[in-house]
Amino acid sequence: MSGTGAEISLVGAVNLALKRAMADDPAVLVLGEDVGIDGGVFRATEGLWQLYGETRVLDTPLAEVSIAGVAIGLAAQGFRPVAEIQFTGFAYPCVDQMINHASRLRTRTQGRLTCPMVLRSPGGGGIRAIEHHSESPEAIFAHMPGLRVVMPSSPARAYGLLLSAIRDPDPVVFIEPTRLYRAAREAVADTGEGLPLDTCFVLREGRDLTLVSWGAMLKETLEAADLLSDQGIAAEVIDVATLKPLDEKTILDSVARTGRVVVVQEAPITCGYGAEIAARVATGALTSLLAPIQRVAGCDTVMPYPRTEEHYMPSAARIVAAANRVMAYT
Amino acid sequence: MTTIAEFSIGSTRILDPSGAVVGDLPDFASDRDELVALYRAMVLTRAFDAKAIALQRTGRLGTYASSLGQEAVPVGLAAAMRPDDVLVPSFREHGAQLWRGVTLEELFLFWGGDERGNDFAGPREDFPTCVPVGTHAPHAVGVALAMKLRQEPRAAVCVFGDGATSKGDVLEALNMAGVWQAPAVFVVNNNGWAISVPRARQTAAETLAQKAIGAGIPGEQIDGNDVIAMRHVADRALARARSGGGPTLIEAVTYRLSDHTTADDASRYREDTDVSPHWKQEPLVRLRTYLTAAHGWTKADEEALLRACDDAVDAAAETYLATPPMPPDAMFAHTFAELPADLEAQKAALTGGDE
Ligand SMILES: Cc1ncc(C[n+]2csc(CCOP(=O)(O)OP(=O)(O)O)c2C)c(N)n1
């Protein structure tokens, strides 16, 4: 997947995957606010309108409910719409459509109608954005039966996971970490190969403890692993990548070896996705655990404005501190 | 101040409540068989309605939403549709569903709480009954857009109630359909009530048809108890949509003679004296009166039709009642195209297997 192609950013990889998917399958459509001539406010859809025209790249009126709802209608008719919601803070109106319709169209009609759509949206903080532009709603969508929820954390994984999301026969919520959009570049070959939507990725192996995270938080999590390594502690780092369905085996296998786990998320702690992972570990790896499961998370507060958001966002130092707490158990 | 735009909302009625012709009869309405087909569909819908309520009252069906008194809207509308148009219905369009080939058994199954009732053997592309109010309107825009993108001369037809017109979803959908000139026909089934809230408390607008004006699409009102008007106006709107003329909003003014659903008691919020005048306006009586006067519909014709409809409904109810429920693990069958591994374990646990 990576290695042989041009070095591109995560948002560039999203763009590349969209181009690839549209070239491969005429049923793939892109719709959303400003996705056409403007190429999207983050340029994720740049060039698509020029390549495929306004019948496949649709600038919509400013109406989030209908962006999701129209995508459902298109999907039921055999198209593969990829709907962009400009920021996840504005994806909440779509929750109704995704939960009450997209996620259950297949079940309601016993497979007669299906909903192969993707709702993609940049999410998360740390970009000094204005209010409502830094939200982390992944747990809301992950809670819903019938939806897949994916959050890539590198250009190569963004490319492969988005391709698979578009090709998936069911609805996928694809949250792109805004903070990582241009944070790093990586060589991504445009092979057209997707990555599995039911697999966690082990980014780094280590015998002492397991750090589990997803999306933008992998950045701090990997930094923390470096800092821990300076202390002589070998951390295994797992990128969950697909939150739903969860590849619990990779996590449990790791915890079985390390006996210690820290879950890192940016979203508020209560009822966050980290709680799900903690519960799975408690159920599936209790006898391996040498220390209580630790969560490093955002607070149960409204996402602060840019001047204070750094206090909210989990830092590498907080992750290291949590790791040291679990290491303290002998 | 100068006036830079002016609007008006037209209204159509062809048969008045006494069965008298008060407008231009469209071509189809001179054909006795066509009218009998419409009448039969309304009678069948009402027979289904009565049976559904009876089954619910005896604990053999779930909560049910009656369409008593408003049969002309779905029947007239469906009669104007072609098989390859797509219906995106709310929850009172049994008449339209039956006309389009959804079976009585399937309707009973759905209201009996069985998803197989939405797996229509007939209109495979039609959407299932939408229980949330108004949220299906954007789906119709998506369906219509799909047809337009494929350059197919087809249309999507969406029905919702007067209460639904207060939802942003519906207004967004009208607006988007207008922008894209999507081949969609929206029908407000204005039955006067959103559960206990009367039409006047839903919006200060004089008509619901004028909700179209803000979206830049044509909007008109019809007498929704006049099946001839319903079919005629829908014919026109559908023809326009299929030939690239864009969307239309039709407000069909009717009246909900029943409770909102079998879980509702309408006497809590409206007097019998408010309801009874509407029995003189209802759609079956007026078409029957006209059929009798203009086409020699007889008492014997009427009795034979009622018997045939009751028999069909009874037979379907028997089939429904004899259909065993799905096994517990069926709930996993269509959650995803392929069951993810982490759900396999849940399925095994539910069915008593090992985790
Ligand atoms: C989004 C949503 N809100 C509330 C309800 C509960 N509810 C069911 S029907 C109804 C009234 C609908 O009125 P209207 O749109 O006029 O349709 P009618 O029932 O009269 O056909 C309400 C409030 C619902 N099903 N969906």
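The radius of gyration is taken over C-alpha atoms, and the globule rule is 2.2 Å times the number of residues to the power 0.38. This is a predicted model: local features need pLDDT of at least 70, side-chain atom pairs count only at pLDDT 80 or more, and totals for chains, interfaces and linings use all residues. Residues are numbered from 1 along each chain as its sequence is written, and side-chain values use heavy atoms, without hydrogens or water.

**View 1. Overall dimensions of chain B.** For 355 residues the rule puts a compact globule near 20 Å; chain B has a radius of gyration of 21 Å, which agrees. Its C-alpha atoms fill a box of roughly 75 × 55 × 45 Å along the principal axes.

**View 2. Helices and strands of chain B.** Chain B holds 13 helices and 8 strands. These are DSSP runs (helices H or I, at least four residues; strands E, at least two), numbered from the N terminus.

**View 3. Burial in chain B.** Of the 355 residues, 54% are buried (under 20% relative accessible area, 1.4 Å probe, protein chains only).

**View 4. Charges of chain B.** There are 32 positive charges (Lys and Arg) and 49 negative ones (Asp and Glu), with His and the chain ends not counted. Their mean positions lie 4 Å apart, each charge being placed at NZ of Lys, CZ of Arg, CG of Asp or CD of Glu.

**View 5. The interface of chains A and B.** About 3500 Å² is buried, 62% of it from carbon and sulfur atoms. Buried area is the accessible area (1.4 Å probe) lost on putting two parts together, summed over both. A:Gln77, A:Gln110 and A:Arg112 supply 23% of the area that chain A buries against chain B, more than any other three residues.

Key:
Chains lettered and ligands numbered in written order. Buried < 20%, exposed > 50% of the residue type's maximum accessible area, 1.4 Å probe, protein only.
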